[in-house]
Amino acid sequence: MEVGQMQRTWVEYTKSLFREGFLDGQFTQLQLLQDESNPDFVVEVVSLFFEDSERLLNDLTRALDQQIVDFKRVDAHVHQLKGSSSSIGAQRVKNACIAFRNFCEEQNSEACLKCLQQVRQEYCLVKNKLETLIRLEQQIVAAGGSIPIEELSFQGYKVKL
Amino acid sequence: METCNCVEPQWPAEELLMKYQYISDFFIALAYFSIPLELIYFVKKSAVFPYRWVLVQFGAFIVLCGATHLINLWTFTIHTRTVAIVMTIAKVLTAVVSCITALMLVHIIPDLLSVKTRELFLKNKAAELDREMGLIRTQEETGRHVRMLTHEIRSTLDRHTILKTTLVELGRTLALEECALWMPTRTGLELQLSYTLRPQNPVGYTVPIQLPVINQVFSSNRAVKISPNCPVARIRPFAGKYMPGEVVAVRVPLLHLSNFQINDWPELSTKRYALMVLMLPSDSARQWHAYELELVEVVADQVAVALSHAAILEESMRARDLLMERNVALDLARREAETAIRARNDFLAVMNHEMRTPMHAIIALSSLLQETGLTPEQRLMVETILKSSNLLATLINDVLDLSRLEDGSLQLDLGTFNLRAVFREVLNLIKPIASVKKLPVTLNLAPDLPEYAIGDEKRLMQTILNVVGNAVKFSKEGNISITAFVARPESLRDLRFPDFFPVPSDDHFYLRVQVKDEGLGINPQDIPKLFTKFAQNQSLATRNSGGSGLGLAICKRFVNLMEGHIWIESEGLGKGCTAIFVVKLAILECSNESKHPFMQKGPANHGQTTFSGLKVLVMDDNGVSRMVTKGLLVHLGCDVTTVSSSDECLRVVSLDHKVVFMDVCMPDGFEVAIRIHERFTKRHERPLIVALTGNANKVTKENCMKVGMDGVILKPVSVDKMRGVLSDLLEHRVLFEAM
C-alpha cells in the first residue's frame, strides 16, 4: 500500500475511534506531544497504559474474589485505572471506571463484578483499537511517510454530547 | 377487931349494874385484843404502811387497855391482893403507854392527814392529764385524717379526681350525710353545684354569688356554720324526722397561674373561691367539734394547692405538646430544606461535570485547530467558534455558579481589556440574529470613551450581550440602538436610586450603556419583576421566544458586583423599552508598563511559549498520568523530574525546582506540601506547589489552599492550558483556576 492510502486509512480509523467514543480529546493532546525530540511518545505511553491496566485488572479480579471484599482496596485500584485511562484519553474505559467507583461506594459486590466485566471488555476493545492504530502508524513511518495529525479536520468530528 | 386486907365488894345492891359492867369489860377486852390482830394482819398484807413502830406502840397501848379491862373482870368478886397488884401494874403501864401514844399522835395525825391531801391532789392531776391526753389524741387523729386526705388528694393531678376524692374522703372521715362543692361559673356571677357526694338530680343548679351567707363564708378563711335552710345547703329534699344536721361551709381558693408573681404572694382581692358545704347526718344530734372544723379548713387549703398544681401541670403539658408539635414540624421543614439543598447540589455537581466535558472537548479541539494550517476564512470561523464557546463555557460556569452569586462568594476577574473591542464583538455576535429578524442595530460609542479599561471583560460582555439579546428577542420590528458613554458624576447623582451611591474618584469612571428598542415594550407595573429569577413576562407574543428567565437576574448581580446599577424604562406595551446600566470601571494608566502583557489576550499569543530549562518536579503515583504530564511539560521545554511517591518527592525536591506539580488524589499529597513549606521557609525561594486533580469541587480547592498550595489545576490538562498555567504562575506566583 502506498503512503498516501495508508495515511488516509489512518485518518479514517482515528476519526472513527473518536466518533465511537473510544478516545477523546486527551488522546489528541498526546499525539500533539509527539515530535522529533520525542518520536515514540505515544507508543511509550500506550504501552505503559497496557501494562498498568493489566496489572490493575488482575488485582481487581483477585480482590473481588475474596470472601470478604475490601472495598477500599478495590476503590483504590479503580481510581488508579480511571486516572490512567483519562490521562490517555480512553474515554469508554474511564466512564466504566466511574460507574465502577459508584458501586464500590455502595459496597455492592454483585454490581462490582459486573462492572469489572464491563471495564475489562472496554479495555480489551480499546487495546485492540490502539494496537491497530499503532501498527498503522508504524507502517506509515516505515514507508517513509509522516502521521497526518493535521488532517483530523473539524468537519468530520462530532462531539458526543 | 382485926382489919382484913380483903376488899369487900358491895354486891347486893348493885348486882345488875355489876353484871353489865362485867359483860362490857369482857367485850371491851375482846375488842381490844382483836384490833391489834386485825391491824397486824392488814398491815402485813399491805406493803406500804410507813409507820410500823407507831403500830407497835398502838398495839401495846391497846393490848394493855384490854389487859386492864380483862383484869378488871376479877375485881368484881373478892379478889386477892395479887390480883390487885397485877391490876395496878397493868393500869400503870397502860397509863404510861397511853400518855406516850397520845403525845405521839400529836405528831402523826397531821402527817396522816397530809397523805390524804396528797392523794386528792394526785387524783385531780391524773384527771387533768387524762383530759389533756384525750385532747392530744383527738388532735393526732385529726392530723392523721388530714394527712390521709391530703395524700389522697395529692396522689392525683387530675382536677376532677382531686375534687371528688376530697368530698369522698371528707365524707368518710367525718361521717357526713352530704358534702357538696359549688364552683364559680365563668361569668363569676353565680355558683354552680359541681360535685356532690351522693348522686342526685339538680347538678348544674346555680345560685347567685352575692348571697349574704356566701359572702360571709368567703370573707373568712375559717369554716363557718351556716343554716341548713340557706340555698347552698338545701340541695336535697329533707328526709329526716326531726332536725336536719348542722351544716358548715368553707371557702376553697381557686388559684390561677396568673395570681402568682415572682416576688409577691397572690392577692386576696383577685381570688376566686369555690364553696364547700358539709352536712352532718340529720337526726343524729351530732355537733361540729372544733377539731372537725379545723380539719375542714386544712383540707380546703390543701385542695386549693392541689388544684393549682393540677392547673399548672395541665398548662405545662399543653405547652409541651405544642412545643413537640412545632419541633416535629420544624424538623420536617429542616429535613426537607436539606434534601432540597442536597438535591440542588447534586444536580449542580452532575450538570457541572456533564456540561463541562463536551465544552472542554469543543474548546480544546478548537484551540488545537487554531494551531493547524487554516485558510483565513477558516481561521475566522474557528476564532468565532472559540469565542462563542468560551462565552458559552463562561455562561455555563455562571449558571452553575448562581448559588455562589447568591452567597456573595463570586469575585470578578479583573483584567485590562479593550472596551471598544467588547462592544464591537457584541455587535458581531448579535448582527446575524438581528439581520434574520430584519432589525437594524446601531452602535454609538462616545468619543471620550477610553480605549482600555480595567474590569471583568467576560462578565461585562455577557451583560451587554444579554441586554442587547433581550432587545432583539422582544422586538418584532424597529431599530435597536446601543449607546455607550462615560457618565458624569452629577448625572449619576440625579438618578436617585435607593441603593446606588456613585462615588466619583480619580482612577475610576462610570460607564453608562443604553440599549433602546422599539419592540413590544413592558407594562410599567411588571418592571420590578424583571430582575427576579425565572419570572418571565408571559404575554402571548413572547411565549415562543424561549429562554429561562435567568438572564436579567444574573446581569443585575454582575452589575451590582461592579458597583453599578441596572434598570429598565418603558412607556407601556407596544411602546418599546430602554435598558440602561451603569458600571464602575477602573481607568488604565497608559504609563504603567507592567500591565502591557495583558493588552492582547488571545489564546495563541499568551506570555511565554517555551520555558526552556525550567526545572520542574512531577509527583504522581499513576504511571500513565505521570508520563502524560511529563510529556506535556517536556513539549513546553521544561526540564522534568518525575517521582512516584511522597517519600521520593521529599528526597528529591530542592531549591532548583521552580515548580512542583503534585497529584493530590495521592494519600500523602497534602502532607508533602506541608513538608515542603516547612523545609523552604523563604517564600521567594521555595518551589511553587501546584495541585493536579480530577475533582472539581470547593472542598478540594479549600484543602489545597489550607495546606498552602500556590495553585490548583483541573485534570485533564491541554498543552495550551499548561502553557497558560506556567506563564501565570511565573508571573504572579499564584494561580487558582476557577472550578
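1. Leu191(B) sits in strand β2 of chain B, residues 190–196. Helices (H or I, at least four residues) and strands (E, at least two) are DSSP runs, numbered from the N terminus. This is a predicted model, in which local features need pLDDT of at least 70 and side-chain atom pairs count only at pLDDT 80 or more, while totals for chains, interfaces and linings use all residues. Residues are numbered from 1 along each chain as its sequence is written, chains are lettered from A and ligands numbered from 1 in the order in which they are written, and side-chain values use heavy atoms, with hydrogens and water left out.

2. Leu191(B) is buried, at 0% relative accessibility. Buried means under 20% relative accessible area, exposed over 50%, and partly exposed in between (1.4 Å probe, protein chains only). Leaving out residues up to four places away in sequence, Leu191(B) touches several residues, among them Trp182(B), Tyr205(B), Val207(B), Phe218(B) and Leu275(B). Contact means heavy atoms within 4.5 Å.

3. Asp663(B) carries the UniProt annotation "modified residue: 4-aspartylphosphate", from an unreviewed entry. UniProt positions follow the numbering used here, feature names are shortened, and annotations may be inferred rather than shown by experiment. Asp663(B) lies in strand β16, residues 659–663 of chain B. Its relative accessible area is 5%, so Asp663(B) is buried. Beyond four places in sequence, Asp663(B) is in contact with Met619(B), Asp620(B), Leu692(B) and Lys715(B).

4. His79(A) is listed by UniProt as "modified residue: Phosphohistidine", also in an unreviewed entry. Helix α4 of chain A, residues 71–88, holds His79(A). His79(A) is partly exposed because its relative accessibility is 24%. Apart from neighbours within four places in sequence, His79(A) is in contact with Arg101(A) and Cys665(B).

5. Now the interface. In chain A, 24 residues are in contact with 23 residues of chain B. The two chains bury about 2300 Å² between them, 70% of it on carbon and sulfur atoms. Buried area is the accessible area (1.4 Å probe) that two parts lose on being put together, summed over both. On the side of chain A that touches chain B, α2 (25–33), α3 (41–65) and α4 are the elements that give two or more residues. That side has twelve nonpolar, nine polar and three charged residues. Ala, Val, Leu, Ile, Met, Phe, Trp, Tyr, Cys and Pro count as nonpolar, Asp, Glu, Lys and Arg as charged, and the others, Gly among them, as polar.
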